[in-house]
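Colleague: Please take me through this model, beginning with the side chains and moving on to the ligands.

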Amino acid sequence: MKDGFSREIDYLRISLTDKCNLRCGYCMPKEGITHLRHEDILTLEETGRIAAIMSKLGVRRVRLTGGEPLVRKGVAGFIRMLINECGISKVSMTSNGCLLDEHAKSLREAGLPEINISLDTLNRDTFYYLTGKDELDRVLKGIDTALKTGFHVKLNTVLLKGINDEEAEALVKYADGLGVVIRFIELMPLGCGRLYEGVSSASLIKRLETVYGKAYKTDRTDDDNKGPAEYYDFEKLGIGTGFISPMSHMFCKSCSRVRLTAEGFLKLCLQYPDGVDLRDPLRSGMSDGEIKEIIEKAVLKKPECHSFSVNENNTDRRKMVEIGG
Ligand code: SAM
Ligand code: SF4
C-alpha cells in the first residue's frame with residue numbers, strides 16, 4: 001500500500017496496551033495517566049483482524065509495543081495468531097524487559113525471533129529516578145534470559161542531559177560485552193519528552209570517539225534498509241553502535257510505518273494526531289473490504305514529515321505511553 005508521497009507502507013506498530021509497569025519520566029507522567037476502559041481496548045482478535053486486513057494491503061512486519069506489551073495477557077498466543085493466521089511474516093517487540101525473564105521462553109516458542117529492550121541506565125539509583133521503580137536487576141536478568149533463550153536482542157537508549165547522558169560510554173561497554181547492538185534514540189519533544197533535554201547523535205558520537213576511538217559510518221541497516229538507525233563502528237569496539245536521530249536527521253522520506261493504538265486508532269505519523277478510528281468500523285459489523293477501504297484512504301493522508309523542531313503546536317497531545325512508541 002502506498003501513501004500520498006509514494007512511500008510503501010509495509011510496517012505496522014501495534015500498541016497492545018496503554019498500561020506500563022514503569023514510569024519513565026519522558027514517556028509517562030509520574031502520577032500515571034487515565035487508562036483506557038477495558039471495553040475501549042481492542043481485543044486481541046480485533047487487533048488480529050486489522051493486522052490480517054493490513055497484510056492484504058502489503059503490511060509484512062509488525063512490532064508490538066505499548067505501554068509495556070508484556071503486561072497484556074495472551075501476547076504469546078497473539079504472536080502465533082499474527083504469524084499463522086494474519087499473514088504477518090515478521091513480528092518483533094519493544095519491551096522494557098521487566099517481565100522478560102518469565103515470558104522469554106513462551107515468546108520464543110510462539111515464533112518471536114527478536115526483541116528490542118529499552119535500557120537507559122546501568123545505575124540503580126538513576127533507574128529509580130528515571131522510572132519510579134527499583135527494577136534494574138529484573139531488566140538486566142530479562143536481557144540475560146532473552147539472550148540465553150536465543151533472541152536476537154538490541155538495546156534502545158534515550159539519553160537525557162543531566163540525568164543519564166554521562167552513562168553513554170558505560171552502556172556502550174555493557175552492550176559490547178554482551179555482543180549486542182545498542183542504539184541511541186534522540187529524545188522527541190512529544191508529551192512528557194518536552195520536559196527534558198535530549199542529546200544529539202552527532203555530539204554523542206564525538207563524545208564516544210574520545211573513549212572508543214574514531215567512528216566510521218557503516219552501510220549496515222535494520223529491516224532491509226527501512227529502519228531509521230545509522231550504524232557506526234568505533235575503533236575499540238567489537239560491535240557496531242546505532243544512532244536513531246529523528247530530531248537531527250529526519251528519516252521521514254523513507255518512513256514505511258503506521259501505528260495502531262490500543263483503542264484501535266490508526267495513527268499515521270508519531271507527531272500529529274491525524275489518523276482514523278478503526279474500532280467503530282470493526283464493532284459496527286463492517287466487512288473486511290469496507291475496513292480495507294477506510295485504511296487505504298487514511299494512509300493516503302500520511303503527513304510528508306514531522307516538524308518537531310519548527311512547529312510543536314500541531315503535535316499530538318497524548319503521551320508516548322498512550323500512543324505506542
Ligand atoms: N515499554 C516499552 C519500552 O519501554 O521499550 C515499549 C513502549 S516505549 C513507549 C518504546 C520506546 O519509546 C522506548 O524505547 C522509549 O525509550 C521510547 N520513548 C518514549 N518516549 C520517548 C520520547 N519522547 N522520545 C524518544 N523516545 C521515546
Ligand atoms: Fe513504560 Fe516504555 Fe514508557 Fe518507560 S518508555 S514508561 S517502560 S512505555
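Colleague: Which residues does N96 touch, not counting residues up to four places away in sequence?

Modeller: With that exclusion, N96 touches C20, N21, L22, E68, I117, S118 and V139. Contact here means heavy atoms within 4.5 Å.

Colleague: Before we continue, what are the ground rules for the values?

Modeller: This is a predicted model, in which local features need pLDDT of at least 70 and side-chain atom pairs count only at pLDDT 80 or more, while totals for chains, interfaces and linings use all residues. Residues are numbered from 1 along each chain as its sequence is written, chains are lettered from A and ligands numbered from 1 in the order in which they are written, and side-chain values use heavy atoms, with hydrogens and water left out.

Colleague: Back to N96, then. Where is it placed, and is it buried or exposed?

Modeller: N96 sits in the loop between β3 (90-95) and α3 (100-110); helices (H or I, at least four residues) and strands (E, at least two) are DSSP runs, numbered from the N terminus. N96 counts as buried because its relative accessibility is 9%. The class boundaries are under 20% relative accessible area for buried, over 50% for exposed, and partly exposed in between, with a 1.4 Å probe and protein chains only.

Colleague: Which backbone nitrogen lies 3.0 Å from a polar atom of the N96 side chain?

Modeller: That is the backbone nitrogen of C98.

Colleague: Which residues are around ligand 2?

Modeller: N96 is one of them; the others are C20, L22, C24, C27, G67 and V321. The criterion is a heavy atom of the residue within 4 Å of the molecule. By class, this shell has five nonpolar, two polar and no charged residues. In that scheme Ala, Val, Leu, Ile, Met, Phe, Trp, Tyr, Cys and Pro are nonpolar, Asp, Glu, Lys and Arg are charged, and the others, Gly among them, are polar.

Colleague: And ligand 1: how many residues surround it, and which are the closest?

Modeller: Ligand 1 is surrounded by 17 residues, the closest being Y26, G67, E68, S118 and M188. The shell divides into six nonpolar, nine polar and two charged residues.

Colleague: Which polar side-chain atoms lie by an oxygen atom of ligand 1, and at what distances?

Modeller: A polar side-chain atom of S118 lies 2.5 Å from an oxygen atom of the ligand, and one of Y26 lies 2.8 Å from an oxygen atom.

Colleague: New topic. How many aromatic pairs does the structure hold?

Modeller: There are two aromatic pairs. In one of them, the rings of F184 and F243 have centres 6.0 Å apart and planes at 25°, so the pair is stacked. This pair links distant parts of the chain, with F184 in strand β6 (residues 181-185) and F243 in strand β9 (residues 241-244), 59 residues apart. Y232 and F243 form an edge-to-face pair, at 5.6 Å centre to centre and 85° between the planes. Because Y232 lies in strand β8 (residues 230-234) and F243 in strand β9, the pair ties together parts that are 11 residues apart in sequence.

Colleague: What are the cut-offs for those labels?

Modeller: Rings of Phe, Tyr and Trp (its six-membered ring) pair if their centres lie within 6.5 Å; planes under 30 degrees apart are stacked, over 60 edge-to-face, and the rest tilted.

Colleague: Which residues form the aromatic cluster?

Modeller: F184, Y232 and F243 form one cluster. F184 counts as buried at 3% relative accessibility, F243 at 1%, and Y232 is buried as well.

Colleague: Last one: with which side chains does the D222 side chain make polar contacts?

Modeller: The partners are the side chains of R183, at 2.8 Å, and Y231, at 2.9 Å. A polar contact is a pair of N or O atoms within 3.5 Å; within protein, one must be able to donate a hydrogen and the other to accept it, and residues adjacent in sequence count only if both atoms are side-chain atoms. D222 is in the loop between β7 (215-217) and β8, and it counts as buried at 4% relative accessibility.
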